[in-house]
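Please look over the fold below before reading the notes that follow.

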Amino acid sequence: MRRLSPLWIAGCLGALTTTIVQAQTAPPIKPGLWEVAMERNGAAQKIPDMSERLKSMSPEQRKQVEAMMKQHGVDMSGGLGKLRICLNKDSLDQGRWQGRGEGDTRCKTDVSERSNTSWKWHSVCTDPQSETTGEALFANAENYTVKSTTTMAWQGQTKTTQTTIRSKWLGGDCGDVKPVQPMPRPKVKAPAAG
């Protein structure tokens, strides 16, 4: 049985939201409950989504992962590879909509464009070591798409992943889904010198 690594779990939450710039400028979207669907491809093969990986887990493991994600404002009950997240005004204003909070120094982001319809950026991160080039396209205040390409060094290998995130606003009331919170990233140990 495949086990979900903490890095993979953090990466999924990060992929949902970290690909947007670390800036205090709020994106041109509404606060409230959002449905998020993510497609990831790497090395010419489709990467299984979270719901597929959860199916291979024991009920206890699945419950533990779902509880951890919910604690950070991610509801995995959307089905068919969709997640629900709550973005309140503070989440948007403080940059938590991208999975990081103010003061996160692991990444340096250079923004090349920021308008009401498009944000483009390039990020270099140190923990884990990665580079991302991306673009967020805001169709309107209730729909946006993020496309990004990330190259990451992990366990002595370099992997490139392309991610497309489609987000749709469901309404202003988040119900029992709490506002998204930054998820602590696991410490990545460098491979032993050999």
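In this model, which is predicted, strands β6 and β7 run antiparallel and are joined by 9 bridges, where two strands are said to pair if DSSP finds at least two bridges between them. Helices (H or I, at least four residues) and strands (E, at least two) are DSSP runs that are numbered from the N terminus. Because the model is predicted, local features need pLDDT of at least 70 and side-chain atom pairs count only at pLDDT 80 or more, while totals for chains, interfaces and linings use all residues. Residues are numbered from 1 along each chain as its sequence is written, and side-chain values use heavy atoms, with hydrogens and water left out.

**Strand pairing**

- The hairpin that links β5 to β6 passes through 3 residues, and Val111 has Trp121 of β6 opposite to it.

**Overall make-up**

- The protein contains 4 helices and 9 strands, which follow one another from the N terminus in the order α-β-β-α-α-β-β-α-β-β-β-β-β.
- Of the 194 residues in the protein, 42% are buried, a term that stands for under 20% relative accessible area with a 1.4 Å probe and protein chains only.
- Among contacts (heavy atoms within 4.5 Å) with a separation of 6 or more, 63% are between residues 24 or more positions apart.

**Nonpolar core**

- The largest nonpolar core has 22 residues, and Ile29, Met76 and Leu87 are the ones that touch the most other members.
- Two or more residues of this core come from each of β1 (32–42), α3 (59–71), β4 (82–87), β6 (118–126), β7 (129–140) and β8 (143–154).
- Such a core is a set of buried Ala, Val, Leu, Ile, Met, Phe, Trp, Tyr and Cys residues joined through side-chain atoms within 4.5 Å.
- In soluble globular proteins, nonpolar side chains tend to be buried together.

**Asp75**

- Asp75 lies in strand β3 (residues 74–75) and is buried, with a relative accessible area of 6%.
- Leaving aside residues up to four places away in sequence, Asp75 touches Leu83, Arg84 and Val177.

Note on methods:
Buried < 20%, exposed > 50% of the residue type's maximum accessible area, 1.4 Å probe, protein only.
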